[in-house]
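Welcome! Take a moment to look over the sequence and the 3D view, and then we will walk through some parts of this structure together.

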Amino acid sequence: AEIPAFSKGNSFAPFRQASVQYKKPFIIGVAGGTASGKTTVCHKIVEKLGQNQMESRRRQVVVISLDSFYREIDGGVVPRNYNFDHPNAIDEELLLQTIRDIRAERVVKIPVYDYQHNCRKQNEFNVIHPADVYLIEGILIFYFPQIRDLFDMKLFVDTDPDTRLSRRVLRDTQEWKRDLEMVLHQYTKYVKPAFEEFCLPTKKYADVIVPRGADNGVAIDLIAKHIKELLNK
Ligand code: UZR
Ligand code: MG
């Protein structure tokens, strides 16, 4: 008689699938709205793991930002109505290929993004050597299904929108010397609607939701402990 597929080999097989299988490298996706604290959460995790002082070649944990994967704009001039918060602004193919290369334990070259000029720095790359754990952070990191499926763990940094707006305003005006009125215009016209349409709906894919972002020491501690356990395996 036909053996039912689920009982082939080992009768416990259907149950075994329920437990998480850890692969190496372990790839963690970190999403969340603009200025939610994604970058800080990642760096705090790295710090907790004692990896921040290490030379890049020996690092076991690496942080990669979606900022590196903005598409190059034709002619180099950003049109006035360009939407950096839309999935089309992301070089999905390069991001997918990079994560696949990481999975295959290859050395990867990450473009360096220039916020001042809104383009990639010519002939400048970050060379990333194979590591055990990768944290890949960005607003739309869970938007693309093929990319989403490559993560072993998905975190969503969930910070109050007013807090995010005030941080975004400070960051854009102080760090990037942008005009306040332009920042607010961009926020209401592009950043907020795109967040609601493309980022917020991806929260449902998260394994762990981190409320209050980088202020949430308990969550960061728990995640770091979990990664530490994986590194020691
Ligand atoms: P985070 N961004 C820029 O402002 N300029 C660029 O050249 C590239 C990106 C912004 C982008 C998005 N949108 O809201 C934000 N705009 O960076 C994402 N406009 O970065 O997740 O750190 O907030
Ligand atoms: Mg950031």
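## A covered strand

Let's start with strand S1, which spans residues 26–32 and is mostly covered: seven of its seven residues are buried. Keep in mind as you look that this is a predicted model.

Which residues of S1 point one way, and which the other way? Phe26, Ile28, Val30 and Gly32 point one way, while Ile27, Gly29 and Ala31 point the other way. In a regular strand, side chains alternate between the two faces of the sheet. Here the residues on both sides of S1 are buried.

## The neighbours of S1

Strand S1 is joined to two other strands. One of them is S5, made of residues 133–137; five bridges link it to S1, and the two run parallel. To find this pairing in the 3D view, look for Ile28, whose bridge partner in S5 is Leu135.

Another is S6, residues 153–158, which also runs parallel to S1 and is joined to it by five bridges.

## Around the ligand

Now let's move to ligand 1. How many residues surround ligand 1? There are 15, and the closest are Thr34, Lys38, Asn118, Arg168 and Gln186. By type, the shell around ligand 1 divides into six nonpolar, three polar and six charged residues.

Some side chains can be picked out by their distances to the ligand. An N or O atom in the side chain of Thr34 is 2.5 Å from an oxygen atom of ligand 1. For Asp85, a polar side-chain atom lies 2.6 Å from an oxygen atom of the ligand. Gln186 has a polar side-chain atom 2.5 Å from a nitrogen atom of ligand 1. Taken alone, the ligand exposes 500 Å², and the protein buries 97% of that.

## A residue in a loop

Our last stop is Asn216, found in the loop between strand S7 (208–211) and helix H7 (217–232). Is Asn216 buried or exposed? Its relative accessible area is 7%, so Asn216 counts as buried, because the cut-off for buried is under 20%.

What does the side chain of Asn216 reach? It reaches the backbone nitrogen of Ala219, at 3.0 Å. Leaving aside residues up to four places away in sequence, Asn216 touches Val210 and Pro211.

How values were computed. Residues are numbered from 1 along each chain as its sequence is written. Chains are lettered from A and ligands numbered from 1 in the order in which they are written. This is a predicted model: local features need pLDDT of at least 70, side-chain atom pairs count only at pLDDT 80 or more; totals for chains, interfaces and linings use all residues. Side-chain values use heavy atoms; hydrogens and water are left out. A residue is near a molecule or strand if one of its heavy atoms lies within 4 Å of it. A polar contact is a pair of N or O atoms within 3.5 Å; within protein, one must be able to donate a hydrogen and the other to accept it, and residues adjacent in sequence count only if both atoms are side-chain atoms. Accessible areas come from the Shrake-Rupley method with a 1.4 Å probe; for residues, only the protein chains shown count as cover. Ala, Val, Leu, Ile, Met, Phe, Trp, Tyr, Cys and Pro count as nonpolar, Asp, Glu, Lys and Arg as charged, and the others, Gly among them, as polar. Buried means under 20% relative accessible area, exposed over 50%, partly exposed in between (1.4 Å probe, protein chains only). Helices (H or I, at least four residues) and strands (E, at least two) are DSSP runs, numbered from the N terminus. Two strands pair if DSSP finds at least two bridges between them. Contact means heavy atoms within 4.5 Å.
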